[in-house]
Amino acid sequence: MSESLTLEKPRSPRRRAARRNNFELYSWAFMRISGLALVILVLGHLFIMNILDGGVHRINFAFVAGRWSSPFWQFWDLAMLWLAQLHGGNGLRTIIDDYARKDTTRFWLKMLLYASMAVILVLGTLVIFTFDPNITA
Amino acid sequence: MTAVAEPTNDTSQIPAPEGSVTITVKILRFNPEIDNEPHWESYDVPALPTDRVLNLLMNIKNYADGTLSFRRSCAHGICGSDAMQINGINRLACKVLVKDLLAKDGKPTTVSVAPIKGLPTMKDLYVDMEPFFEAFRSVKPYLIAYGNEPTNERYQSAADRERFDDTTKCILCACCTSSCPVYWADGSYFGPAAIVNAHRFIFDSRDEASEERLDILNDTEGVWRCRTTFNCTDACPRGIQVTKAIQEVKRALLFKRT
């Protein structure tokens with residue numbers, strides 16, 4: 001019974017005081033906007049790669065090299081990479097916040113998530129901008 | 001369902017009025033002094049179609065097993081004491097009629113009654129409401145006005161009153177908050193009921209602390225955790241458009257300030 005006797009004062013706040021921080025607001029708005037953009041980017045990508053002109057059968061090294069010689073497709077793929085990574089990463093962050101039961105699990109899962117996001121973003125961006133069409137197979 | 005017969009309880013003492021049908025009430029019982037985890041028990045109860053689920057529970061408690069525990073105060077859908085999960089949906093036991101639960105074509109009817117989820121069950125059908133009220137208190141659900149007190153009442157136009165009319169109906173029964181999957185997973189989320197009660201003051205023209213409340217709800221555990229699953233709106237026994245109220249708070253945060 002001893003621990004139940006350590007009573008807090010009535011009405012002592014148990015939640016931390018609100019910080020004036022708009023991070024959750026911006027991440028919420030980002031999810032809406034990036035989601036809309038991804039619908040166009042991903043469906044367009046799937047349409048070009050899988051349906052148009054013989055679809056998936058014409059994809060080879062030359063086809064990819066030809067596309068990435070144009071800044072338009074470079075930008076398209078870059079936007080898709082960044083938006084999908086950040087959108088998916090933010091979604092997973094929310095899921096981890098919801099379902100991790102311990103603070104240490106939450107912390108390490110998030111670190112794993114952020115590390116994998118960083119690796120994929122850096123690697124993808126590097127490939128898009130330093131792609132060499134004359135590389136020897 | 002497993003084929004194992006559930007323990008049947010002697011319900012022969014319950015008076016069966018004319019026109020009553022016997023229905024099976026399955027209750028998720030839990031006695032913290034004996035049980036490690038909750039278990040289902042069945043009671044065959046005579047019920048009139050005009051009975052409420054609360055009548056069945058009262059009959060079980062009065063005639064079959066006096067240890068059955070649940071909250072109920074007014075029994076008329078005003079106080080919000082008897083929120084429970086009836087057939088898997090959060091409802092007030094005093095507002096659900098037996099005739100709406102009867103199986104079609106005269107088949108035997110089973111009604112399941114469990115405590116609301118997301119709050120610690122203390123015994124049988126009643127839960128510890130303190131985390132719920134703690135979230136409620138932390139949005140400052142009272143009028144805050146600065147300056148001199150007016151000598152008469154604070155006037156408000158009918159249109160200004162209409163703005164937050166829906167959220168004044170809340171009776172704090174916890175049906176919405178305990179139906180919210182985000183609240184189940186993360187108990188530090190404010191939950192729909194607290195946001196509804198913040199909405200009631202944020203959009204009140206007489207109140208001067210809406211900025212303060214918006215700051216509170218803009219925090220990590222605030223409105224941005226809402227996943228718009230509409231469970232809260234479906235659960236509300238007062239018909240409050242809970243999800244709409246949450247979205248209005250989000251909209252106020254997005255466009256009225258930043």
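Over all chains, the structure, which is a predicted model, holds 20 salt bridges. Of these, 2 lie between chain A and chain B, whereas the count between domain 1 and domain 2 of chain B is 0.

**Salt bridges within the chains**

- The side chains of A:Arg93 and A:Glu24 form a salt bridge with an N to O distance of 3.4 Å. This pair links distant parts of the chain, since A:Arg93 belongs to helix α3 of chain A and A:Glu24 to helix α1 of chain A, 69 residues apart.
- A:Arg93 and A:Glu24 are both buried.
- In chain B, B:Asp204 and B:Arg200 are joined by a salt bridge of 3.0 Å, N to O. B:Asp204 is buried because its relative accessible area of 3% falls under the 20% limit. B:Arg200, at 18% relative accessibility, also counts as buried.
- One network, held together by salt bridges that share partners, comprises A:Glu24, A:Arg93, A:Asp97, A:Asp103, A:Arg106 and A:Lys110.
- B:Arg161 and B:Asp165 form a salt bridge in which the closest N and O atoms are 2.9 Å apart. B:Arg161 is partly exposed at 33% relative accessibility, and B:Asp165 is partly exposed with a relative accessible area of 27%. Both residues are assigned to this class because their values lie between the limits of 20% and 50%.

**Interface of chain A and chain B**

- The interface brings 16 residues of chain A into contact with 25 residues of chain B.
- About 2000 Å² is buried between chain A and chain B, and carbon and sulfur atoms give 47% of this area.
- A salt bridge connects A:Asp98 with B:Arg227, with the closest N and O atoms 3.0 Å apart.
- On the side of chain A that touches chain B, the elements giving two or more residues are α1 (23-50) and α3 (71-99) of chain A. Helix α1(A) gives the most to that side, with 5 residues.
- By class, the side of chain A that touches chain B contains 6 nonpolar, 3 polar and 7 charged residues.

**Domains of chain B**

- Chain B is divided into domain 1, residues 21-126, and domain 2, residues 129-256. The contact between them takes 15 residues from domain 1 of chain B and 16 residues from domain 2 of chain B.
- Taken over C-alpha atoms, the centres of the two domains of chain B are separated by 29 Å.
- The area buried between domain 1 and domain 2 of chain B is about 1200 Å², with carbon and sulfur atoms giving 62%. On the domain 1 side, B:Asn90, B:Lys117 and B:Leu119 lose the most area to domain 2, together 38% of what that side buries.
- Between domain 1 and domain 2 of chain B, 4 residue pairs are in polar contact, with both residues at pLDDT 80 or more. Strand β4 (residues 89-92) of chain B gives the most to the domain 1 side of this contact, with 3 residues.
- That side of domain 1 of chain B divides into 7 nonpolar, 4 polar and 4 charged residues.

**Buried sites in chain B**

- Helix α5 of chain B, residues 192-202, is mostly covered, and 11 of its 11 residues are buried. The elements that cover these residues include α2 (130-138), α3 (158-163), α6 (210-217), α7 (231-235) and α8 (242-256) of chain B.
- B:Asn218 lies in the loop between α6 and α7 of chain B. B:Asn218 is buried, with a relative accessible area of 1%, and its side chain makes a polar contact of 2.6 Å with the side chain of A:Asn22.
- B:Gly222 is placed in the loop between α6 and α7 of chain B and is buried, with a relative accessible area of 0%. Leaving aside neighbours within four places in sequence, B:Gly222 is in contact with B:Tyr189, B:Phe190 and B:Leu217.

**Fold of chain A**

- Chain A has 4 helices and 0 strands.
- Of the 137 residues in chain A, 32% are buried.
- Among the contacts in chain A with a separation of 6 or more, 68% come from residues 24 or more positions apart.

Definitions and conventions
Residues numbered from 1 in each chain as written. Chains lettered and ligands numbered in written order. Predicted model: local features only at pLDDT ≥ 70, side-chain atom pairs only at ≥ 80, totals over all residues. Heavy atoms only, no water. Domains from an automatic or database assignment. Contact = heavy atoms within 4.5 Å. Buried area = accessible area lost by both parts, 1.4 Å probe. Salt bridge = Lys/Arg side-chain N within 4 Å of Asp/Glu carboxyl O. Polar contact = N/O pair within 3.5 Å; in protein donor to acceptor, adjacent residues only side chain to side chain. Nonpolar A, V, L, I, M, F, W, Y, C, P; charged D, E, K, R; others polar. Buried < 20%, exposed > 50% of the residue type's maximum accessible area, 1.4 Å probe, protein only.
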